[in-house]
Amino acid sequence: MDTHGDLKARNRGRIERGAKRVRAVFAGEVVADTTRPLLVWEVPYFPTYYLPREDVRTDLFVPTGRTRRSRQRGVGTVSHLRVGDREAVDAVTEYPDSEVEILRDHVRLAWSAMDTWFEEDEEVYTHPRDPYVRVDVLASSRHVRVVVDGVTVAETRSPRLLFETNLPVRYYLPKIDVRLDLLEPSDTITHCPYKGQAEYWSVRVNGKLVEDLVWTYRAPLRESEPIAGYVAFPQERAEVYVDGVLDRG
């Protein structure tokens, strides 16, 4: 079953009205504050916020005279966002003449260009939360063994399994059941809007270093709290055996 293909078809060009209060902060200023956001799926796997123009600090826009074209949304005008001596380059896109009428009076602020985003009073990372994504963490007694380059680096019968919509199941293992002597700290940090901030380790086996192979969430967000302090190895990069069967993700 091609679930990824089905998802792409279902979400292509999708637009929905959101009900959350959404705020964007840049250079210490709240540059957008609305309770009427639009969720626009520019890519299949997560939405982007488009905000009503009247709820955005348009006085901070600096037009560039340039445009960007979208097959679905039409021609967009591009502006910088300037607060004091700080400028978010090309951070603003508007589609005033879009064939998609609902977008004409909305503004897209580049997510990564803002310092902080809030949904209600909770900070959100990476991208808006998709209302159709669910995260379930379940305690399990399944036998999970992780092998890297022929070496068993972790083995447990008390994993926690994280099920996230449209993604492979992830097996989170207690540190007590991991060969911590093979792990080397990494400076890599990533963020997830559903789980929070992840920290990474590399794994050294047979004289070789496999970089950023293991991650953990020390203080995950509420829906993912049961994985706090547990570690995960992705099936795409390690051999993960579940009840003796290789899980290829």
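**Strand pairing and positive phi in a predicted model**

In this predicted model, β13 and β14 are antiparallel partners, joined over five bridges.

Q: What makes β13 and β14 a pair?
A: Two strands pair if DSSP finds at least two bridges between them. β13 and β14 have five bridges, so they count as paired. Within this pairing, V147 stands opposite T152 in β14.

Q: What makes β14 and β22 edge strands?
A: The open sheet has four strands in the order β14-β13-β21-β22, with antiparallel pairing. β14 and β22 (245-247) each pair on one side only. From one strand to the next, the twist averages 30 degrees.

Q: Why is D149 called partly exposed?
A: Partly exposed lies between the buried cut-off, under 20%, and the exposed one, over 50%. D149 has a relative accessible area of 39%, so it is partly exposed. D149 sits in the loop between β13 (144-148) and β14 (151-156).

Q: Why does T126 count as partly exposed?
A: The relative accessibility of T126 is 42%, so the label is partly exposed. T126 belongs to the loop between β11 (122-124) and β12 (135-139).

Q: What makes the phi values of T126 and D149 worth a look?
A: Most residues other than glycine have a negative phi. Phi of T126 is near 80 degrees, a positive value. Phi of D149 is also positive, near 50 degrees.

Q: How do you know where pLDDT stays under 50?
A: Residues 1-5 are that stretch, and the model has three contacts for them beyond four places in sequence. The mean for the protein chain is 94, and 95% of its residues reach 70 or more.

Conventions
Residues numbered from 1 in each chain as written. Predicted model: local features only at pLDDT ≥ 70, side-chain atom pairs only at ≥ 80, totals over all residues. Heavy atoms only, no water. pLDDT = per-residue confidence, 0-100. Contact = heavy atoms within 4.5 Å. Helix = DSSP H or I, 4+ residues; strand = E, 2+ residues; numbered from the N terminus. Buried < 20%, exposed > 50% of the residue type's maximum accessible area, 1.4 Å probe, protein only. Axes fitted to C-alpha atoms, helices over the stretch in contact; angles between N-to-C directions.
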